[in-house]
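The following report describes a single protein structure for a reader who is new to the subject. Please keep the sequence and the model in view while reading.

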Amino acid sequence: HIPSVSVLSPHMNTPANSQGILIGDKVYSEVFLAIDSSIIPEESLSSTPSMLDGLDQKTETDLRILGCELIQSAGILLRLPQVAMATGQVLFQRFFYSKSFIKHSFEIFAMACVNLASKIEESPRRVRDVINVFHHLKQGKGKK
């Protein structure tokens, strides 16, 4: 037996054409973007998952800066537009406000952010190119 899914208006519980889909007791019909939902709440800034896992604030800040510098350097080598690099940095920062640096490799995630940001900003780069650039940057870091 397949449960029935009704199409409803988002503002009232009456059927409508392509206004939304009722799943359970919620109507899903649109993506709502507002400044309130895009800014990280103050509570999340004070105790991050990394801090809860025992990482001190200075080390976390250093890792955040290092990750953003890595994304910027990779973006320059991949000849990405600045907006794509900034998008990657935002993705990186937001991820680590919900996940811990202790449990996730910041270098791997920086690479994923560059790859995803290049696609979001419509300047796609091949995954192989992104991996090669990060490998090149890691080799150069060892020489300094």
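In helix α5, the buried residues are Ala 84, Met 85, Thr 87, Gly 88, Gln 89, Phe 92 and Phe 95. Here, buried means under 20% relative accessible area, exposed means over 50%, and partly exposed lies in between, with a 1.4 Å probe and protein chains only. Helices (H or I, at least four residues) and strands (E, at least two) are DSSP runs, numbered from the N terminus. The cover over the buried residues of α5 includes α4 (57-77) and α6 (106-120). At 1.5 Å a residue, the 14 residues of α5 should span 20 Å, and the end C-alpha atoms are 20 Å apart, which agrees. The expected span is 1.5 Å times one less than the number of residues in the helix.

The model is predicted: local features need pLDDT of at least 70, side-chain atom pairs count only at pLDDT 80 or more, and totals for chains, interfaces and linings use all residues. Residues are numbered from 1 along each chain as its sequence is written, and side-chain values use heavy atoms, with hydrogens and water left out.

**Gln 89 and its surroundings**

Gln 89 belongs to α5, which covers residues 82-95. Gln 89 counts as buried because its relative accessible area is 17%. Apart from neighbours within four places in sequence, Gln 89 is in contact (heavy atoms within 4.5 Å) with Cys 68, Ile 71 and Gln 72. The side chains of Gln 89 and Gln 72 also make a polar contact at 3.3 Å. A polar contact is a pair of N or O atoms within 3.5 Å; within protein, one must be able to donate a hydrogen and the other to accept it, and residues adjacent in sequence count only if both atoms are side-chain atoms.

**Cysteines and Glu 60**

How many disulfides does the structure hold? It holds zero, a disulfide being a pair of cysteine sulfur atoms within 2.5 Å. The sulfur of Cys 68 is 8.8 Å from the closest cysteine sulfur, that of Cys 113, which is too far for a bond. Glu 60, in helix α4, touches Thr 48, Ser 50, Met 51, Leu 55, Phe 96 and Phe 101, leaving out residues up to four places away in sequence.

| Residue | Relative accessible area |
|---|---|
| Glu 60 | 3% |
| Cys 68 | 15% |
| Cys 113 | 2% |
| Phe 95 | 19% |
| Phe 96 | 0% |

**Aromatic rings**

The structure holds six aromatic pairs. Rings of Phe, Tyr and Trp (its six-membered ring) pair if their centres lie within 6.5 Å; planes under 30 degrees apart count as stacked, over 60 as edge-to-face and the rest as tilted. The rings of Phe 95 and Phe 96 are edge-to-face, because their planes stand at 90°, with the centres 5.0 Å apart. Phe 96 and Phe 109 are also an edge-to-face pair, with ring centres 5.8 Å apart and planes at 80°. Since Phe 96 lies in the loop between α5 and α6 and Phe 109 in helix α6, this pair ties together parts that are 13 residues apart in sequence. Ring pairs link Phe 92, Phe 95, Phe 96, Phe 101 and Phe 109 into a cluster.

**The chain as a whole**

The protein chain has seven helices and three strands, and its elements run β-β-β-α-α-α-α-α-α-α from the N terminus on. Of its 144 residues, 27% are buried.
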